[in-house]
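Biologist: I would like to go through this structure with you. Could you put it on the screen, please?

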Amino acid sequence: MKSTDRMNFTTVMRRLVSLLLLIAIMILVPTTLFAESKEAQKGYGPAVVHIALKGDVDPAMVKYLTRALGEAEEAHAEHIIMTLNTYGGRTDSAADIGELLRASSIPVTAFIEGKAVSAGTYIALNADTIVMQEGSTMGSAAVVDGSGKLIENPKIISFWVDQMSEAAKLNGRDPNVAIAMVDPRIEVDLTSSLGKVVAVGDVLALSASDAERIGYSEHTASTLEEVKAWLGYSERDLIEVEISFAEQLSKFILHPVVSVILLIIGLAGIGIEIFVPGFGLPGILGVLAMGLYFFGSYIGGLAGMESAVLFIVGILLVVLELIVPAFGILGILGGGAIITGIILAAPTWQTGLVSIIIALVIATVVIIIFSRTKKGRTTWSKFVLREKLTTEEGFISAEQKTSLVGQHGVTVTPLRPAGTALINNQRVDVVTEGGFIENKRPVIVVKAEGTWVVVRELSSNEKE
């Protein structure tokens, strides 16, 4: 390898190492700060702790509640008031929250402030006590997909019906009411409790007054202070366990649209940085985007650092494939590692796969457009000889032997089909047109291309 090539290779490798280190720093530093902030928030005395669960039910909410419950237990809180205001979300996240609430050693009161529908209803039913704000509702917990369409899979519906009815039974609530909130396939007779029948195709939603009347809530209150007073803790301090900036950022990042946008920016930026010279804005934006993507997944509890490590290893393998071709093996392994790392960091493998397909297609288009509009050579062009080494371009790759065409000679070795002939008193490496020629036979040069000299045997009627 020439000195200039080695210098170019070293420059690229340094740039690559800088890129990967920056990705690692983008992930590790915020997570370290997040861990330190957790320690700093502990240590308040006995009191009533307030936890606010608002917005979509997702892994980020699970992570926040896990931290909040842990801090409340370490502080020996007497009671937890959990404000709920959600239109629902992921059923698996709701199930995780239900487990956390059932395992809590501190009594939990769910204060429904506005809406606690779908997965939010399940969360409320796992609390020890339910208090509803005037004008709030709970119920409408039929299982739907991401677009809001009802899921008709009987296994999924049966599982969620069982979960809801068991949660209702925890504190002596009528399980049939919970079933009416979930399953639109059956008719549920609630005449004795609500004075009506929930018809096939409908799901039940309860107002604050109806919920209190049938025992699905224990009280109706307007404010958090009223709830605290009703619980008998009016003289106690109310301690807020606020969602941290990192958790808020994680919740934002985990939104499907935001995740796809980050992947597009990340893959396009890093791709441009690899194929276009100069560590500039695209590379920085790509690193920031991928760092945020994996950071949000880590804080949201979706994956550990292994997903980011897989992604970094994948990028490294792809770059090595470009520098040291390995018949596509390194490229395939690198691509697999990149895809696996991104999918592991997604809420589900299905959403991760869809996100990466969309992001790869758009990022590829962006890289192609950028590369074609970028003037000058790319980084990898420095390792490729693009000039044609032709005679017309002034290059002479070897001694030209065109002057031998038409010259007679004699073979000094058998030509099978290559061998040696004596032409103009010089030994010349020659090759036949395809057949074999014995030793000491007369030949004539019929073609000369580069180092190739092609001969054929002279017939008896041809002149020597």
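Modeller: Let us begin with the classes: Ala, Val, Leu, Ile, Met, Phe, Trp, Tyr, Cys and Pro count as nonpolar, Asp, Glu, Lys and Arg as charged, and the others, Gly among them, as polar. By these classes, the lining of the second largest pocket has 15 nonpolar, 5 polar and 1 charged residues.

Biologist: What sort of model is this?
Modeller: This is a predicted model, in which local features need pLDDT of at least 70, side-chain atom pairs count only at pLDDT 80 or more, and totals for chains, interfaces and linings use all residues. Residues are numbered from 1 along each chain as its sequence is written, and side-chain values use heavy atoms, with hydrogens and water left out.

Biologist: What counts as a pocket here?
Modeller: On a 1 Å grid over the protein atoms alone, a pocket is an open set of points where a 1.4 Å probe fits, with protein on both sides within 12 Å along at least five of seven lines. Lining residues have an atom within 4 Å of a point.

Biologist: And what is the volume of the second largest pocket?
Modeller: Its volume is about 480 Å³, where a volume is the space filled by probe spheres set on the points, and grid points are joined across faces, edges and corners. The lining has 21 residues, and F275, V318, I338, L360 and I367 are the closest to the centre of the pocket.

Biologist: Which elements give two or more residues to that lining?
Modeller: They are helix 10 (256-275), helix 12 (306-323), helix 13 (329-344) and helix 14 (349-373). Helix 14 gives the most, with 8 residues. Helices (H or I, at least four residues) and strands (E, at least two) are DSSP runs, numbered from the N terminus.

Biologist: How many helices and strands does the protein chain have?
Modeller: The protein chain has 14 helices and 15 strands. Of its 464 residues, 43% count as buried; buried means under 20% relative accessible area, exposed over 50%, and partly exposed in between (1.4 Å probe, protein chains only).

Biologist: What does M138 touch?
Modeller: Leaving out residues up to four places away in sequence, M138 touches I112, A116, T121, L125, I130, M132, M181, A205, L206, A211 and Y216. Contact means heavy atoms within 4.5 Å.

Biologist: Why is the pair of Y293 and F294 edge-to-face?
Modeller: The ring centres of Y293 and F294 are 5.3 Å apart and the planes are at 85 degrees, so the pair is edge-to-face. F294 also pairs with F311, and that pair is tilted, with 5.4 Å centre to centre and 50 degrees between the planes. This second pair links distant parts of the chain, as F294 is in helix 11 (residues 281-299) and F311 in helix 12, 17 residues apart. Ring pairs link Y293, F294 and F311 into a cluster.

Biologist: A last topic, the backbone. Where is P417?
Modeller: P417 is in the loop between strand 11 (408-411) and strand 12 (418-423). The peptide bond from R416 to P417 is cis, with omega near -10 degrees.

Biologist: And what is phi of N425?
Modeller: Phi of N425 is near 60 degrees, a positive value in a residue other than glycine. N425 lies in the loop between strand 12 and strand 13 (426-432), and at 72% relative accessibility N425 counts as exposed.

Notes: Phe/Tyr/Trp six-rings, centres within 6.5 Å; stacked < 30°, edge-to-face > 60°.
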